[in-house]
2 protein chains.
Amino acid sequence: MIGIKSIASYVPVAGVDNYAQGAKFEKDEEFILGKIGSAFLPRKDAGQETSDLCVEAANALFANNPDLKRESVDVLIVVTQNGDEEGLPHTAAIVQDKLGLPTTVAAFDISLGCSGYVYGIYAIKGFMEAAGLKNGLLITADPYSKIVDPEDRNTTMLFGDAATATWMGENAPWQLGKAKFGTDGSGAPHLKVTDGVFYMNGRQVFNFALLKVPAHLHELLADSQLTADDIDAFCIHQGSAAIVDAVARRFEGEPEKFIKDMVETGNTVSSSIPLLLEKHVLDSDWKRVALSGFGVGLSWGSAILYRP
Amino acid sequence: MIGIKSIASYVPVAGVDNYAQGAKFEKDEEFILGKIGSAFLPRKDAGQETSDLCVEAANALFANNPDLKRESVDVLIVVTQNGDEEGLPHTAAIVQDKLGLPTTVAAFDISLGCSGYVYGIYAIKGFMEAAGLKNGLLITADPYSKIVDPEDRNTTMLFGDAATATWMGENAPWQLGKAKFGTDGSGAPHLKVTDGVFYMNGRQVFNFALLKVPAHLHELLADSQLTADDIDAFCIHQGSAAIVDAVARRFEGEPEKFIKDMVETGNTVSSSIPLLLEKHVLDSDWKRVALSGFGVGLSWGSAILYRP
């Protein structure tokens, strides 16, 4: 059974002071910390491509795991909607070359946004098991600094650049339990890029998250024959402090089990959940956590991770 | 075990007379038929989006399979590098809405070109088995008419628009055997889009295909403990007549087992292999076929399909 062996990340050191940015839009510190949730938004260097963020995260993973050899990697999936090139080639091919991975690797991109990590872990596990492969890298890197208009008050205070790399393989300490997914393309216009610039209808996205996510988590628990008491922590997409708080309240369990950690990262799209897992879950003594990602598409996915 | 239950396609009726187009570049009928391989190149209507091609192919699949209900579809994967929007949202979400599929569907795009179908069948099978899902649609639609410059003699005579839809599910007549994959991002510059226009170094791609594909098929057969005698037909990506002929010769088996059928379609990118399967394989009395897709990335993948 393929599971999660290790996670590493890359968060650029440079970035934007969100208090200063908020002041420009007449937003005070209470708004920035309480509603947005992020005092600092990491930003990639102008010369860094999406593939470079992937390489940084993967190299951190290799450094942390001397038993993971480049030559033993046989799958590489990059979750992104802001890859290096215009549609083609896929970013994963560029990452294969920059990382010096063997040419026997199966590499492709998955196009998903904030729900991407939950889909991605099942996609890579499934692909590996279906094709008989042993060591996979699931990389998330969706630098919204490429598409966010710094003059758009609805988006420029929210998003941070980051990348994560997850080692998927046998004998993993964390296994994938049940998962549930959802898609509603009628909400596609709420988050989209036009002429290179990102647009988000924040109110619609907030309402969607509040309507879908708590109910979806309850359905997942019921399908898994679990209750909220069986879950040590909820790691949901860090869309904003307001969204995490509202989902936690609406869930009507123990809101303190919903991890909120975006002060120094912002909303890092598909990297937000693996950043939580890396920092709070993988080395914990917790037994079982629930994930939920939601966003562009509209798309959502929720899953249980557990120690076997 | 999830396998291939049915395949349907959509090939636009309108298109380009490739003899007339060839004459413009002083290419005669022998070149067009013998080297390019396509007398006609289907072209989508200017008003048709990629998602519309997906919908046409999926609706043909539903029409052919009354036992496949929209409400029972729980996964939808679109293989494309020329989706509807600029990066986000993903085309699969738009297709979910246009097809009227339930919002419980898991939907995402896979970014791959001519190797995409071989990867795609393992990705969707694996995802379904990992997440416990029952009925999946794997759709290919990569309309190169969006990016090909009609004045570029290296590409405009090659590509045709098409879409295919594959129903993946239980109790399927065709199962997936062993597969092998490969990626060489150092060749990424040989096929790419810059400022909205596609560029291909045809000579490099031809050499790559000739170097990789016959050897890859032999390795796949050896790994599967099969010989070429055990294979009823080879369905390789229809890049051009010259590529299919050269790969078949270099393979040094029975070249007549390599199906060549692109006269009325051109190179349809990730749709070329499922078009062959739909037309020549699914209703045949063959027992075992080999696939190989290769192209942008560079990326390649080969697999065995068999009747259980």
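Tutor: Two strands pair if DSSP finds at least two bridges between them. Strands here are DSSP runs of E, at least two residues long, while helices are runs of H or I of at least four, both numbered from the N terminus. A word on the model: it is predicted, so local features need pLDDT of at least 70 and side-chain atom pairs pLDDT 80 or more, while totals for chains, interfaces and linings use all residues. Residues are numbered from 1 along each chain as its sequence is written, chains are lettered from A and ligands numbered from 1 in the order written, and side-chain values use heavy atoms, with hydrogens and water left out.

Student: What makes S5(A) and strand S5 of chain B a pair?

Tutor: They have three bridges between them, in the antiparallel sense, and the rule asks for at least two, so they pair. S5 of chain B covers residues 106-111. In that pairing, A:Asp109 stands opposite B:Ser111.

Student: How do you know how much of chain A is in contact with chain B?

Tutor: You look for heavy atoms within 4.5 Å. That picks out 52 residues of chain A and 52 residues of chain B. H5(A) gives the most to chain A's side, with eight residues. By class, that side has 26 nonpolar, 17 polar and nine charged residues. Nonpolar means Ala, Val, Leu, Ile, Met, Phe, Trp, Tyr, Cys and Pro; charged means Asp, Glu, Lys and Arg; the others, Gly among them, are polar.

Student: What area is buried between chain A and chain B?

Tutor: About 4,000 Å², with 62% of it from carbon and sulfur atoms. This is the accessible area (1.4 Å probe) that two parts lose on being put together, summed over both. On chain A's side, A:Glu86, A:Leu88 and A:Thr183 supply 17% of what chain A buries there, more than any other three residues.

Student: Why is the link between B:Glu85 and A:Lys192 called a salt bridge?

Tutor: The closest N and O atoms are 3.2 Å apart. A salt bridge needs a side-chain nitrogen of Lys or Arg within 4 Å of a carboxyl oxygen of Asp or Glu, so this pair qualifies. The count between the two chains is two salt bridges.

Student: What makes domain 1 and domain 2 of chain A separate domains?

Tutor: The bounds come from an automatic or database domain assignment, which gives domain 1 as 1-171 and domain 2 as 173-304. Their centres, taken over C-alpha atoms, are 17 Å apart.

Student: Where does the cis peptide bond of B:Leu88 and B:Pro89 lie, and what is its omega?

Tutor: Omega is near 0 degrees, and B:Pro89 lies in the loop between strand S4 (75-79) and helix H4 (91-99) of chain B.
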